[in-house]
Amino acid sequence: MHGRDHRLARGSLDRGLRRPRRRPLAARTRTSPRPTRSTHPLMSHDKPDNILKQPTAVWAVAFASVIAFMGIGLVDPILPAIATSLKATPTETEMLFTSYLLITGVAMFFTSWISSRIGAKRTLLIGLALIVVFALAAGLSQNVESIIGFRAGWGLGNALFISTALATIVGAASGGTSSAIILYEAALGLGIAIGPLLGGLLGSWSWRGPFFGTATLMAIGFIAIVAMLRKNPEKPVPTKLSAPFRALARPALGFLAAAALFYNIGFFVLLAYTPFALVPLGVADAITLGLIFFGWGVSLAVTSVWVAPLLTSRLPRTRVLWIVMPLLAIDLLAAGLFISSLAALIVCVIIGGLLLGILNTVLTECVMEATDLPRSVASSAYSGVRFLGGAIAPPAATLLADTISPATPFFAGAVSVLIAVALIMIGHTHLRRVDAPQESAQQEAEVLSLADAD
């Protein structure tokens, strides 16, 4: 009897040792206790340069992403020039942002359904082609209404490209999910930085220049994708049309998307309204505005690539959001309080860029890790809601400025960001998975090989 008990105990021990090998990686992540410290590929002492060792296809998509994100800030320095040249009101001019972001947001809900049927490469190319056509058409327009319409078509192409680009980079990049997201956010930051600068330089020649410049660069991106991205980076698995909407019913993704909507209102108040706030202070020419927002974009790029990983390597992601979002609200509040000071407003713009870079990266990482959904579905659902927030902010800001005071849009943006952080705090229990320790690519491979061995 003693021997039989010994064999039973030994068998139980063996089974206990083997069981973790069979458990899916996602399941193990969900049940992991809340960490006090998370790992990050950039902090790995094994292969610190993984983020730079990427397949050619990843660099091609990243290059095209830089150009795509240039479209967001490209019109920023030429907003006053467009308003003057085409005799448009500030609110009408801000609709260049709204039509672009509204269509981008709505279309985002359907991009995963499209890309899962025609493949990532075709989706990327269709998106790029649409941007080329509509950017060129916007540059040839004779009135602000036409530009608003063509920016909407531009937004459709942008949605097809951006959502698919994120999923493609995450799926094809080496070094793990976090490294891929940092690479994507670096492209975003670089594009947002270059966009205003290019817009200012070309806008000093004519307000049409930035549109023609974007069309040319996007055509180059189109050629790069054709040449460098394989026909099928991975076999598409068809998703249902309702998948992104059903995804939002998951508490983790729902809370993150809702928070991103309010956060993006603050983001675009700073980006889209500030040029009009600077005009009474003597800053109206495209080059000066372009340089100011170039500094904003560079700040965003620096913190998204270097500071965000540093923070998430030491703190849970949700805690980083709790800390940095209120700082962004304070920055917007300061912009409203010191709206009559040119130096103070420029400082607020630069500091805002530093904070936004951290938040963009951390929020995107949270979305990619929050559920076990396909990345393209999670990206489509989250991005769709997020861009709708961006669509609301620009015209709402100018209306508030006209009806109440020029400082009111900044105060409203601050309140909106505080609502975003409140949503993250309220949904904290559903976001434990995003704070779980993240395994490196080597650790993931070891776990999968052990599972295969069983």
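Visitor: Where does threonine 93 lie?
Guide: Threonine 93 lies in helix α5, which covers residues 90–118. The model is a predicted one.

Visitor: Why does threonine 93 count as buried?
Guide: Its relative accessibility is 0%. Buried means under 20%. Threonine 93 therefore counts as buried.

Visitor: What is threonine 93 in contact with, leaving aside its neighbours within four places in sequence?
Guide: Threonine 93 is in contact with Leu79, Ile82, Ala83, Ala88 and Phe276.

Visitor: How do helix α11 and helix α16 pack?
Guide: Helix α11 spans residues 251–278, and helix α16 spans residues 408–426. They pack at an angle of about 160°. Their axes are 8 Å apart.

Visitor: Why are α11 and α16 called roughly antiparallel?
Guide: The angle between them is about 160°. Angles over 145 degrees count as roughly antiparallel. So α11 and α16 are roughly antiparallel to each other.

Visitor: Is the crossing of α11 and α16 left-handed or right-handed?
Guide: The crossing of α11 and α16 is left-handed.

Visitor: What is the mean pLDDT of the protein?
Guide: The mean pLDDT is 82. Of the residues, 82% reach 70 or more.

Visitor: Where does pLDDT stay under 50?
Guide: One such stretch is residues 6–49. For this stretch, the model has 52 contacts beyond four places in sequence. Over residues 440–454 the pLDDT is also below 50. That stretch has 13 contacts in the model beyond near neighbours in sequence.

Terms used: Residues are numbered from 1 along each chain as its sequence is written. This is a predicted model: local features need pLDDT of at least 70, side-chain atom pairs count only at pLDDT 80 or more; totals for chains, interfaces and linings use all residues. Side-chain values use heavy atoms; hydrogens and water are left out. pLDDT is the predictor's confidence in each residue, from 0 to 100. Contact means heavy atoms within 4.5 Å. Helices (H or I, at least four residues) and strands (E, at least two) are DSSP runs, numbered from the N terminus. Buried means under 20% relative accessible area, exposed over 50%, partly exposed in between (1.4 Å probe, protein chains only). Axes are lines fitted to C-alpha atoms, for helices over the stretch in contact, and angles run from 0 to 180 degrees between N-to-C directions. Angles under 35 degrees count as roughly parallel, over 145 as roughly antiparallel, 65 to 115 as roughly perpendicular and the rest as oblique. A crossing is left-handed if the near helix is turned anticlockwise from the far one by less than a right angle, and right-handed if clockwise.
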